[in-house]
Amino acid sequence: MSLRVAILGASGYSGAELLRYLSLRRAISGDVEIAAVTASQRAGASVASVLPQFRQSAGSSLFADLPNGLPKFSRWQDVDWQSIDIAFCALPHGTTQEVITELWRYSSLRIIDLSADFRLSSFADYEHWYGKAHGAPQLQGEAVYGLSEHFRASIGKARLVANPGCYATAAQLALLPLAPLIDCSSISIDAKSGVTGAGRSLREEFLYCEINEDFRAYSLSGHRHVAEIEQGLELALGSSASSDSASSSASSSSSDQPRLRVSFVPHLVPMDRGILTTSYLRLRAGESVSSCLAAYDNSYSGSAFIEICRDGSVPSVKLLRGTNRCSLAIFADRRPGWIVVFSAIDNLGKGAAGMALQNMNLMLGLEEDYGFADTALVP
Ligand SMILES: NC(=O)c1ccc[n+]([C@@H]2O[C@H](COP(=O)([O-])OP(=O)(O)OC[C@H]3O[C@@H](n4cnc5c(N)ncnc54)[C@H](OP(=O)(O)O)[C@@H]3O)[C@@H](O)[C@H]2O)c1
């Protein structure tokens, strides 16, 4: 029997990428039915009119079992939630806590939230970074942080998964296995993202003439994803508990312990997709590039979507376009005892829709790479 899936926010960039992945999944394994797609101002419109890339497939045999091909965009309030098995929420942060509170009463519904609304386990951190009190504190304890490769067991048992932020995904996949081997007070992360990372809504600073042929830093006073990175590193260092068991814990205040702080500087690059992080790290005494690579092998053996460059090559965002893969590399710095670590992903793939589907597989007890066609769109 097909799983009936709803995509909330399907007219946005992450939601549309989910639609693309789920369309491919229907072709590969045929086990999902796209039962509802929602939008806000575009509710009522056809998928083909809002996302012309689906003009052909909307009426094709891929959707032949659906009465009218893909459903029209509706408001999330108008979906027949009784009939839905899985909901992907790709809504702006701050809107999802209210939506998921409403959906929670459908007890067989499993939810994967791509927004930031349930990512931070500390309510104080949430309030600090998002400027308001958490709107669904009673549900935060249900949420499991969805960094698939590090929290598989907890994700497998969850009803609500909080997919990580795109920068936080790239940075944590590079850093979490290395946390015990490095001086965590030395971490500097230089991050670059393509423009889809900012979403599809119209804003002057993202107009073509503003970004084309430019390359600039932003959010120097603190990007919100840094909170997830620090939360992940603290867990990896064992300051709370082991990662899998602490992935859903919530607390109302920050601990009195001095908090780990990393330097994180994001940059906007005039490309559609892709994130590259370059991290500068000081090794603990006795550690080396070899021991760091061994830590990667230990963490990621059997991880279908992690590739570790060993031949002197460096991760390339272009070679990951449209995939759910993360490419990692470690090099010795010229300064003895320091290393440089690279991590690349597609922000809409591993940083959003791809990881969400990987998490769906884990929640359903399937192999995490089940139903993926993971060939990059090159050139
Ligand atoms: N873009 C990325 O690379 C990325 C990566 C990881 C996570 N995320 C997260 O995923 C979420 C979606 O991001 P995005 O970049 O895809 O955003 P987006 O392109 O701006 O799309 C937002 C979607 O939400 C709908 N929407 C807007 N306001 C709404 C409201 N009040 N109630 C219900 N629906 C509403 C929009 O509908 P209309 O089209 O009708 O306005 C659209 O479908 C965000 O929380 C973002 O932080 C994004």
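Reader: What is the order of the strands in the open sheet of seven strands?

Author: Strands of a sheet pair through backbone hydrogen bonds, either parallel or antiparallel. In this predicted model, the order is β3-β2-β1-β4-β5-β7-β6, with parallel pairing. Strands (E, at least two residues) and helices (H or I, at least four) are DSSP runs, numbered from the N terminus, and two strands pair if DSSP finds at least two bridges between them. The edge strands, each pairing on one side only, are β3 (73-74) and β6 (143-145).

Reader: How many bridges join strand β1 and strand β2?

Author: Five bridges join β1 (residues 3-8) to β2 (residues 32-38), in the parallel sense. Ala-6 stands opposite Ala-36 in β2.

Reader: How are residues numbered, and which residues count in a predicted model?

Author: Numbering starts from 1 along each chain as its sequence is written. Local features need pLDDT of at least 70 and side-chain atom pairs count only at pLDDT 80 or more, while totals for chains, interfaces and linings use all residues.

Reader: What does the chain average in pLDDT?

Author: pLDDT is the predictor's confidence in each residue, from 0 to 100. The chain averages 92, and 92% of the residues score at least 70. Over residues 248-254 pLDDT stays under 50.

Reader: At what angle do helix α8 and helix α10 pack?

Author: Two packed helices are described by the angle between their axes and the distance between the axes. Axes are lines fitted to C-alpha atoms, for helices over the stretch in contact, and angles run from 0 to 180 degrees between N-to-C directions. Helix α8 (residues 166-175) and helix α10 (residues 225-236) pack at about 25°, with their axes 9 Å apart. They are therefore roughly parallel, a label for angles under 35 degrees.

Reader: Which residues of α8 and α10 meet?

Author: Two residues are in contact if their C-beta atoms, placed from the backbone, lie within 7 Å. Tyr-167, Ala-168, Ala-171, Gln-172 and Leu-175 in α8 meet His-225, Glu-228, Ile-229, Gly-232 and Leu-233 in α10.

Reader: How do α8 and α13 cross?

Author: Their axes come within 8 Å and cross at roughly 95°. That makes α8 roughly perpendicular to α13, the label for 65 to 115 degrees. Cys-166, Thr-169 and Ala-170 of α8 make the contact with Lys-350, Gly-351, Ala-352 and Met-355 of α13.

Reader: Which strands does helix α13 lie across?

Author: Helix α13 (residues 349-363) lies across β4 (86-89), β5 (110-113) and β7 (160-162), running at about 155° to β5.

Methods. Angles under 35 degrees count as roughly parallel, over 145 as roughly antiparallel, 65 to 115 as roughly perpendicular and the rest as oblique.
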